[in-house]
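Biologist: Could you take me through this structure? I would like to start with the charged pairs and then move on to other topics.

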Amino acid sequence: MAGHRPEPDRDSREWWERIARHEFAVQRCAGCGVDRFPARAFCPACRGEEWRWRAVEPEGRVESWIVARQPFVPGVAVPYVVVMVRLSAVPDGLAYGNWRGGREPRAGERVRGVYREEGDVTLVDWEPAG
Amino acid sequence: MPKRLLDFRDATAIAGVGYTPFSKNSGVSTLTLACRAVLAALDDAGLSAADVDGLATHRVGDSAPPTLVGPALGLTGLSWHLDQFGGGSVSHAVVGQAALAVAAGMAETVVCYRAINARSEFRMGGTGRGLPVSPEVQYQAPYGYVAPPQQYAMYARAHMLRYGTTAEHFGALAVTQRANAVKNPRALMRTPITLEDYLASRWIAEPFRLLDCCLETDGACAVVVTTAERARALRRPPVLISAAAWGGGQSHLSGAAGDPTVTAAAELAPRLYAQAGLGPADVDVAEIYDCFTYSVVVQLEDYGFCPKGEGGPYVASGATALDGPLPVNTHGGFLSEGYVHGVNHIAEAVSQLRGEAGDRQVPGAEVALSTAQPGYVLPATSALILRRA
Ligand SMILES: [Zn+2]
């Protein structure tokens with residue numbers, strides 16, 4: 001793991017459980033149909049509290065990235081790349097993850113999420129969609 | 001603009017500023033730093049501790065609250081205080097709220113301070129401290145994405161990709177501000193640097209190099225807010241608070257992520273300028289929150305000094321130098337003077353408007369803008385427009 005163990009909250013615990021089953025889920029508001037990520041109890045569009053999980057392909061486009069060159073987290077090997085991905089399923093949703101491209105990311109390139117097991121935790125990295 | 005705004009413009013003033021020395025290791029507690037800065041600001045104003053009836057600060061668990069500073073200085077009968085949870089995005093809101101309290105008659109003399117051992121105890125940008133309290137963190141920290149230099153670097157690259165902003169643009173800002181720090185006896189870094197020095201400085205988080213990042217500093221800074229009328233009777237030339245604005249706006253949290261190259265300042269700026277009855281063309285000097293080079297570039301755009309996307313070329317043109325049309329961070333800023341989480345920017349604006357900035361004085365400075373962290377870490381920012389009385 002490049003960083004800290006994730007600490008799910010009551011809004012997000014099921015999201016992490018689904019990730020552990022290799023299912024990338026977003027929430028769809030039952031009131032207005034807007035999809036959202038990350039997991040929250042309220043819809044920011046209509047303030048509704050009714051929603052359901054929706055499994056989507058972990059796909060998006062690279063919006064930016066950094067190359068961490070100093071160990072911001074103790075004990076982690078540098079350099080490593082973190083990408084900021086705008087999710088195809090949620091236009092307002094940004095996901096972060098480590099880059100597994102074998103080269104620098106490119107602005108706007110299509111990427112897909114790949115699951116990584118770290119002990120008993122599953123994380124989502126990103127690689128070129130090809 | 002709110003419809004029922006108190007007639008606030010120029011009703012209050014900053015009557016004094018105070019500093020502790022800036023260092024890499026203060027050797028004293030944040031409580032001691034806070035007390036020293038508060039007393040220094042009162043002394044500057046020609047006031048005593050007995051005159052204080054309000055205290056205000058902002059902090060993220062790393063400083064001394066008013067409930068400690070008041071008793072430590074024997075301040076009794078405080079009628080107003082504020083202990084604002086928050087980092088640099090609320091640094092100017094604290095002064096704005098103090099000004100509102102004074103304008104409303106809740107208090108007459110409020111000292112706003114920030115004390116921080118950011119180098120020797122609490123590394124904002126480093127390792128080994130607890131993670132910020134935010135549900136966002138769980139989606140980021142497992143990937144080693146935890147620190148402000150990384151977050152700002154991410155947004156800086158987005159700006160570079162969108163607008164062609166370059167490392168040389170960021171470097172021009174770092175070089176320009178260092179040139180100002182050379183003329184500032186208080187500054188921690190006073191060795192001139194060149195663009196080559198900038199480009200040769202080590203990587204922190206690409207696209208940021210060491211010289212893109214502010215100096216974590218031990219120190220404290222304070223300002224005294226009182227009524228404009230009272231300030232006129234005190235020791236120093238009063239500096240009027242013409243406008244104070246704060247609030248939310250453009251979000252960059254992952255659930256509502258708009259354009260990453262626009263900050264909350266873009267929404268705040270029109271409200272701020274309207275309150276002052278002034279515009280960007282009226283600003284003589286700007287002290288702009290420079291936690292990183294990029295934060296200045298994007299705010300120059302969002303506060304209307306140049307078109308969107310042209311902040312880099314604007315800086316590289318020399319516009320923000322001491323002899324340019326918009327001198328920016330005349331003290332060297334957080335990049336070279338030191339990092340007191342927003343308050344030293346306010347204090348420098350006051351020095352400039354009082355005509356007391358020494359070798360770095362901007363001739364005839366009458367109107368200053370000073371800004372907070374523009375809202376990248378949280379969707380909130382704040383700013384002040386100050387005016388020579
Ligand atoms: Zn909804």
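Biologist: How many salt bridges are there over all chains?

Modeller: The count over all chains is 30 salt bridges, where a salt bridge is a side-chain nitrogen of Lys or Arg within 4 Å of a carboxyl oxygen of Asp or Glu. One of them joins the side chains of A:Arg5 and A:Asp120 at 2.9 Å, N to O. That pair links distant parts of the chain, 115 residues apart: A:Arg5 belongs to the segment before H1 of chain A, and A:Asp120 to the loop between strand S7 (110-118) and S8. Helices (H or I, at least four residues) and strands (E, at least two) are DSSP runs numbered from the N terminus.

Biologist: What should I know about the model itself and the labels?

Modeller: This is a predicted model, in which local features need pLDDT of at least 70 and side-chain atom pairs count only at pLDDT 80 or more, while totals for chains, interfaces and linings use all residues. Residues are numbered from 1 along each chain as its sequence is written, chains are lettered from A and ligands numbered from 1 in the order in which they are written, and side-chain values use heavy atoms, with hydrogens and water left out.

Biologist: How many salt bridges cross the interface of chain B and chain A?

Modeller: The rule finds 2 across that interface. The side chains of B:Glu206 and A:Arg69 meet in a salt bridge of 2.5 Å, N to O.

Biologist: And how much area do the two chains bury?

Modeller: Chain B and chain A bury about 3,300 Å² between them, with 59% of it on carbon and sulfur atoms. Buried area is the accessible area (1.4 Å probe) that two parts lose on being put together, summed over both. B:Tyr139, B:Tyr143 and B:Met154 supply 24% of the area that chain B buries against chain A, more than any other three residues. The contact takes 45 residues from chain A and 37 residues from chain B, contact meaning heavy atoms within 4.5 Å.

Biologist: Which domains make up chain A?

Modeller: Chain A is divided into domain 1 (7-56) and domain 2 (58-130), with bounds that come from an automatic or database domain assignment. Their centres, taken over C-alpha atoms, are 20 Å apart. About 990 Å² is buried between these domains, and carbon and sulfur atoms give 73% of that area. A:His22, A:Phe24 and A:Phe37 supply 53% of what domain 1 buries against domain 2, more than any other three residues. The count of salt bridges between the two domains is 0.

Biologist: What is the phi of A:His22?

Modeller: Phi is near 65 degrees there, a positive value in a residue other than glycine. A:His22 is found in the loop between H1 and strand S1 (25-29) of chain A. Most residues other than glycine have a negative phi, and most peptide bonds are trans.

Biologist: Which peptide bond involving A:Phe37 is cis?

Modeller: The bond from A:Phe37 to A:Pro38 is cis, with omega near 0 degrees. A:Pro38 lies in the loop between strand S2 (35-36) and strand S3 (51-55) of chain A. The bond from A:Val78 to A:Pro79 is also cis, with omega near -5 degrees.

Biologist: Changing topic, which residues line the largest cavity?

Modeller: The lining includes A:Trp15, A:Trp16, A:Phe24, A:Phe37, B:Tyr139 and B:Tyr143. A cavity is a set of points on a 1 Å grid over the protein atoms alone where a 1.4 Å probe fits but cannot get out, and lining residues have an atom within 4 Å of a point.

Biologist: Which kinds of residue are these, polar or nonpolar?

Modeller: The lining divides into 11 nonpolar residues, no polar and no charged. The largest share, 3 residues, comes from S6(A). Domain 1 and domain 2 of chain A each give at least three residues to the lining.

Key:
1 Å grid on protein atoms, 1.4 Å probe; cavity = no way out; pocket = protein on both sides within 12 Å on 5 of 7 lines; lining within 4 Å. Nonpolar A, V, L, I, M, F, W, Y, C, P; charged D, E, K, R; others polar.
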